[in-house]
Amino acid sequence: MAQGLKGRFITFEGSEGSGKSTQIALLEKYLKEQKRKVLVLREPGGVKISEKIREILLDVDNKGMSDACETLLYMAARAQLVEEVVAPALKKGLIVLCDRYLDSTLAYQGYGNGVDLGIIKTIGAFATRKIMPDLTFVFDIAAEKGLARINHRAKDRIEQRKLAYHNKVRRGYLAIAKKEPGRVKVVEVDKTKEEIHAVIKSYVDRVLDP
Ligand code: TMP
């Protein structure tokens, strides 16, 4: 249970084009069919202030943004979302599904950009009020493949980064999963969406009805 709160907190992580959104939608449908109360959120964003911060973060014109500024803005967006929505929802007993959370900052700003992991964890604890997910899925895909899947649309500031950067992000996620195997489950994405959904359901069922 998320830090003594009644609800359950499940996050979805992974590189670009890994198919997270499809799986979040399938899981939401599955849980709602069981008459469970579900809330779906995304990061950065989810509430008005955080969506405004998202625009700054992803704007391709903001090329000169420093690593520290980028890290703190992701954290600021997260702090607002946790305060306004995540903490109250978990207190009420909802199941919160969030597309990205603190592990994204560890993977993208930490492993990807070289920002100190200890600093990210310290600021992260402040921003999240130490609310950590009960379960996290890391959708693992080769960076080339993931980027190819999003090639049809305009890339945001982070997506525009080089392949080497996205490879570091992927390795970062795998390192996080290795450190916390109880919470973080790596999902192989080279299966059908039904097969992936079945894997996700099996983990979620265990967290909801232990
Ligand atoms: P999205 O494309 O999944 O909506 O996420 C927006 C981008 O922001 C994506 O490229 C990943 C990146 N990101 C970070 O670099 N650090 C973070 O902490 C988060 C939440 C997202």
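Reader: Which residue forms a salt bridge with E51, and how far apart are the closest N and O atoms?

Author: Good place to start! Keep in mind that this is a predicted model. The general idea is that side chains of opposite charge can pair when their charged atoms come close. Here the partner of E51 is R42, and their closest N and O atoms are 2.9 Å apart.

Reader: How many salt bridges does the count come to?

Author: The count comes to 13 salt bridges. One of them joins the side chains of E28 and K32, at 2.8 Å from N to O. These two residues sit four apart in helix 1 (residues 20-33), so about one helical turn separates them. E28 counts as partly exposed at 23% relative accessibility, and K32 is partly exposed at 43%.

Reader: Which parts of the chain does the salt bridge between R78 and E43 link?

Author: First, the contact: the side chains of R78 and E43 meet at 2.7 Å, N to O. This pair links distant parts of the chain, with R78 in helix 3 (residues 67-92) and E43 in the loop between strand 2 (38-42) and helix 2, 35 residues apart. Look at their accessibility as well: R78 is buried, with a relative accessible area of 2%, and E43 is buried at 4%.

Reader: Which residues are linked in a network of salt bridges?

Author: E70, R157 and R161 are linked in such a network.

Reader: What about R54: is R54 buried or exposed, and which side chain of opposite charge is nearest?

Author: R54 lies in helix 2 (residues 48-58). R54 is buried yet has no salt bridge, and the nearest side chain of opposite charge, E51, is 4.5 Å away. For other neighbours, look at P44: its backbone oxygen lies 3.0 Å from a polar atom of the R54 side chain. Leaving aside residues up to four places away in sequence, R54 touches R42, E43 and P44.

Reader: You mentioned P44. What is the peptide bond from E43 to P44, cis or trans?

Author: Here is the background: most residues other than glycine have a negative phi, and most peptide bonds are trans. The bond from E43 to P44 is cis, with omega near -10 degrees. P44 is placed in the loop between strand 2 and helix 2.

Reader: Where is R129, and what is its phi?

Author: R129 is in the loop between helix 5 (117-128) and strand 4. Its phi is positive, about 55 degrees, although R129 is not a glycine. K130 is found in the loop between helix 5 and strand 4, and its phi is also positive, near 60 degrees, in a residue other than glycine. R129 is partly exposed, with a relative accessible area of 45%, whereas K130 is exposed at 59%.

Reader: Now for the rings. How many aromatic pairs does the count come to?

Author: The count comes to six aromatic pairs. To read a pair, look at how far apart the ring centres are and at the angle between the ring planes. Y108 and Y165 form a tilted pair, 6.3 Å centre to centre with 50 degrees between the planes. Y108 lies in helix 4 (residues 102-112) and Y165 in helix 7 (residues 163-179), so the pair ties together parts that are 57 residues apart in sequence. Both Y108 and Y165 are buried.

Reader: And what is the pair of F137 and Y203 like?

Author: Their ring centres are 6.1 Å apart and their planes stand at 55 degrees, so this pair is tilted. F137 lies in strand 4 (residues 135-140) and Y203 in helix 8 (residues 193-208), so the pair ties together parts 66 residues apart in sequence. F137 is buried, with a relative accessible area of 0%, whereas Y203 is partly exposed at 23%. Ring pairs also link F12, F137, F139 and Y203 into a cluster.

Reader: Which charged ends sit over the rings of Y101 and Y165?

Author: Over the ring of Y101 sits the charged end of R78, 5.7 Å from the ring centre. Over the ring of Y165 sits the charged end of R161, 4.9 Å from the centre.

Technical notes. Residues are numbered from 1 along each chain as its sequence is written. This is a predicted model: local features need pLDDT of at least 70, side-chain atom pairs count only at pLDDT 80 or more; totals for chains, interfaces and linings use all residues. Side-chain values use heavy atoms; hydrogens and water are left out. Rings of Phe, Tyr and Trp (its six-membered ring) pair if their centres lie within 6.5 Å; planes under 30 degrees apart count as stacked, over 60 as edge-to-face and the rest as tilted. Buried means under 20% relative accessible area, exposed over 50%, partly exposed in between (1.4 Å probe, protein chains only). A charge sits over a ring if NZ of Lys or CZ of Arg is within 6 Å of the ring centre and within 35 degrees of the ring normal. Lys and Arg count as positive and Asp and Glu as negative; His and the chain ends are not counted. A salt bridge is a side-chain nitrogen of Lys or Arg within 4 Å of a carboxyl oxygen of Asp or Glu. A polar contact is a pair of N or O atoms within 3.5 Å; within protein, one must be able to donate a hydrogen and the other to accept it, and residues adjacent in sequence count only if both atoms are side-chain atoms. Contact means heavy atoms within 4.5 Å.
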